[in-house]
Amino acid sequence: MGLEAEDRDGVYTLVSEDNTSAFPPAVRSTIDTALWDLASRRRGVPLREMLAGGPTPTSLPGYASVPLLGDETEYREALSGFVESGYAAVKLHAWGIPERDAALMRALRPAFPALTLMFDAEGRYDRDGARIVATACADVDARWFEAPITDFDVLGYRDIRDEFPAVQILPAGDALWHPDLLSTVLLLEPFSAVRFDVSFVGGPTPALRMIRVAEDAGLDVELISYGHT
């Protein structure tokens, strides 16, 4: 096509069609990721160092993502197994019933006092339900409360974050795909941190822009990684 593989911004502009009628993000992500990978191989530099602009840690702490289970006993058994495997943190998914989910969090904390707990509601609650579980997250000193409501309810996120300053309130991270849109949404200060999947937003090139937007807002970023990612 007469384009240089190193011109990732130029290629990204081409396949994004100036963001007016964009290719599906998975298509753009595949092309953009391939170009970053090619540049990394040509330079003989690990991709993580290219993205970071210099040396990086060679490892990061991980957490176990606990799937939906049948009852409290099953959750206790699962957490015991993860602790035995060496995990120091787990993220829980439960039933989507606020009172039951909140009770689970409070029941697990005494049994695992040193374990870092997080809770992911997958956007299943309304605002009142989210408040019930946010209260439990505060009681057990949860690391964060993820996706209490749908990501599109930005004002709801802001209200919950304001009501529960001791709890980090994170979005699911699958609704905001564009850096300019993210920048505008963050003006309302709805989230305690930013989440997104590199393969959702179009690849490493826009992902770096998303990270800079979060940095400008003083927020951390958690990169989502589903199985297909």
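1. Met 1 sits in the segment before helix H1 (8–16). Helices here are DSSP runs of H or I with at least four residues, strands are E runs of at least two, and both are numbered from the N terminus. Met 1 counts as exposed because its relative accessibility is 89%. The classes are: buried under 20% relative accessible area, exposed over 50%, partly exposed in between (1.4 Å probe, protein chains only).

2. A note on the basis. This is a predicted model: local features need pLDDT of at least 70, side-chain atom pairs count only at pLDDT 80 or more, and totals for chains, interfaces and linings use all residues. Residues are numbered from 1 along each chain as its sequence is written, and side-chain values use heavy atoms, with hydrogens and water left out.

3. Overall architecture. The protein has ten helices and seven strands. Its C-alpha atoms fill a box of roughly 60 × 40 × 30 Å along the principal axes. Of the 229 residues, 44% are buried. Among contacts (heavy atoms within 4.5 Å) with a separation of 6 or more, 68% join residues 24 or more positions apart.

4. Charges. There are 20 positive and 36 negative side chains, and the centres of the two sets lie 3 Å apart. Lys and Arg count as positive, Asp and Glu as negative; His and the chain ends are not counted.

5. The whole structure holds 14 salt bridges, each a side-chain nitrogen of Lys or Arg within 4 Å of a carboxyl oxygen of Asp or Glu. Glu 72 pairs with Arg 76, closest N and O atoms 2.9 Å apart. Both lie in helix H4 (residues 72–85), four residues apart, about one turn of the helix. Glu 72 is partly exposed at 32% relative accessibility; Arg 76 is partly exposed at 31%. In helix H6 (residues 127–139), Arg 131 and Asp 128 are three residues apart, and their salt bridge spans 3.2 Å between the closest N and O atoms.

6. A buried pair. Glu 222 and Arg 195 meet in a salt bridge at 2.5 Å, N to O. The pair links distant parts of the chain, strand S7 (residues 220–224) and strand S6 (residues 193–197), 27 residues apart. Both Glu 222 and Arg 195 are buried.

How values were computed:
The place of a charge is taken as NZ of Lys, CZ of Arg, CG of Asp or CD of Glu.
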